[in-house]
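I opened this model to look up the metal site, the aromatic pairs, the salt bridges and the core. My entries follow in the order I made them.

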Amino acid sequence: MSSRGRMFAGTVVLLVFLLVGAGRAQSVQQSEPDITKVPAAAQPSDHFDVDAATDAYMNLMPASAKAHGDAYFEGGYWLILWDFLVGALISLLLLNLGWSAWMRNVAERLTRFRWLQTFLYWVQYLLLTFVLGFPLAVYEGFFREWKYGLATQTFGAWTWDQIKGLMIGFVLGGIVVVLLFWVVRKLPRTWWIWGAVVTLIFMVFAVMIGPVFLQPIFNKITKLDDPKVTQPILRMARANSIPANDVYEINASKQTTRMSANVSGFGQTMRITLNDNLLRRGSLEEIEAVMGHEMGHYVLNHIPKDMLFFFVVIVLAFAYLKWSLEWCLERWGTKWQIRSISDPAIVPLVALLVSLFFFVLTPIINTHIRTSEAEADMFGLNASRQPDGFAQAAIHLGEYRKMKPGPLEEWIFFDHPSGYNRIHRAMRWKSQNLQLFTGSQQ
Ligand SMILES: [Zn+2]
């Protein structure tokens, strides 16, 4: 059997093993605590204490549920490292075994058009790295999700989603790669600046088409038609000058039990989407709190600001790439049979260097996002006036996020404020607005 034949057979054996194993994967579903009753210490009173109210909410979560969420989230810290290491190993294999140069040679034999050579290289590269990275992807995206009771898909359905992602990678990734190599060939000295510009334009394009053309490939998105839910949301939207006439629902339960919502798109495609898990399991106060948060992203212009932030990151990444690619090619270019920076065979090296860059930048990027999220929280509290709904949401998110990390841990790993901090801020908000809650049914 040739080495490629062995790899194929190995993959088939692995798939069969996984399919059999998948049938046995058990969901560890936690019994759900009733979090909609405001605990005594969080009831409005003249001795309302922010810390005590926060602790009372924290205590609604059984210790086993906390341990469960913490274990899942902390496992994610290691996965950041493993994803990086496995990706780096795959890149080094492709370079050192000459597979990357071999794929380039195949592409060159198939066509004489350079852009098509680049594209054909890309298709082979993506396919090969998809296969080599599949075992880790299966553990991370399938087994681990089932183990923690977060998954809802069969292995077949999950794999189909991965294949759809791969197809999108062929097309959209292919367009970017062809354009970038064209820039490198035409502008050998300033390619890193223009490459950053092309990448940014493409990022804006992807954000714009995402909710309308990409999300529907995986999920069904419908207009939410429940006035009990939509009326308070649209009232809040109008009060905050958000030009929304509709709220959308996405059938996220097809893949996961996670509750979430998001603001997506840009300009004309901007929309607010609730996922069906939130609709099914969240109280109305919780839904309003979450929607207030999402509207905060819109009113505070977080999408354009994020793009500006990432533009700076991308320019830095390209500057670093220019320097590091030249440095590596000088040392190992001949060994890896890479002719120059405009040779598609360089792609695994680019992937390795870019993943190193973003691996090191993890805390910076997380902190940028977490800061926006904290802003959206404050906006959401002011807009929805539902601090208890916020606390409920924080507890629900605790199913997959650690509730009370240390400050350094939060700084490095959290792309949202921790559950404890979110509840604490909500209770502080409540402590200064107690008049809204006294005399009501709360
Ligand atoms: Zn958010």
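**Aromatic pairs**

I looked up tyrosine 77 and found it buried, at 14% relative accessibility (buried means under 20% relative accessible area, exposed over 50%, partly exposed in between, with a 1.4 Å probe and protein chains only). This is a predicted model, in which local features need pLDDT of at least 70 and side-chain atom pairs count only at pLDDT 80 or more, while totals for chains, interfaces and linings use all residues. Residues are numbered from 1 along each chain as its sequence is written, and side-chain values use heavy atoms, with hydrogens and water left out.

Phenylalanine 73 is also buried, at 14%. I noted that phenylalanine 73 and tyrosine 77 both sit in helix H3, four residues apart, about one turn of the helix (helices, H or I of at least four residues, and strands, E of at least two, are DSSP runs numbered from the N terminus).

I counted rings next: the structure holds 21 aromatic pairs. Rings of Phe, Tyr and Trp (its six-membered ring) pair if their centres lie within 6.5 Å; planes under 30 degrees apart count as stacked, over 60 as edge-to-face and the rest as tilted. Phenylalanine 73 and tyrosine 77 are edge-to-face, with 5.6 Å centre to centre and 85 degrees between the planes.

Phenylalanine 155 and tryptophan 158 are three residues apart in helix H6, about one helical turn. Both are buried. These two residues also belong to one aromatic cluster with Phe130, Phe134, Phe142, Phe143 and Trp146.

**Zinc site**

Which residues are the protein donors of the zinc ion? I found His293 (NE2), His297 (NE2) and Glu373 (OE), lying 2.0 to 2.1 Å from the zinc ion. Donors are N, O and S atoms within 2.8 Å of the metal (3.2 Å for Na, K and Ca); water is not among the atoms, so sites may look incomplete. I wrote down the sequence spacing of the donor residues as H-x3-H-x75-E. Histidine 293 and histidine 297 are about one helical turn apart because they are four residues apart in helix H10 (residues 284–299). Histidine 293 is buried at 6%, and histidine 297 is buried at 12%.

**Salt bridges**

I found eleven salt bridges (a side-chain nitrogen of Lys or Arg within 4 Å of a carboxyl oxygen of Asp or Glu). Arginine 422 pairs with aspartate 377, the closest N and O atoms being 2.8 Å apart. This pair links distant parts of the chain, helix H16 (residues 419–431) and helix H13 (residues 362–384), 45 residues apart. Arginine 422 is buried at 10%, and aspartate 377 is buried at 3%.

Lysine 322 and glutamate 326 meet at 3.1 Å, N to O. Both lie in helix H11, four residues apart. Lysine 322 is partly exposed at 22%, and glutamate 326 is partly exposed at 37%.

I also noted that Glu74, Lys402 and Glu409 are linked in a network of salt bridges.

**Core**

I looked up the largest nonpolar core, of 45 residues (a set of buried Ala, Val, Leu, Ile, Met, Phe, Trp, Tyr and Cys residues joined through side-chain atoms within 4.5 Å). The members that touch the most others are Tyr125, Trp191, Leu325, Ile338, Ile341, Ile346 and Leu349. Apart from this core lies another, of 24 residues, among them Met61, Ala65, Met403 and Met427.
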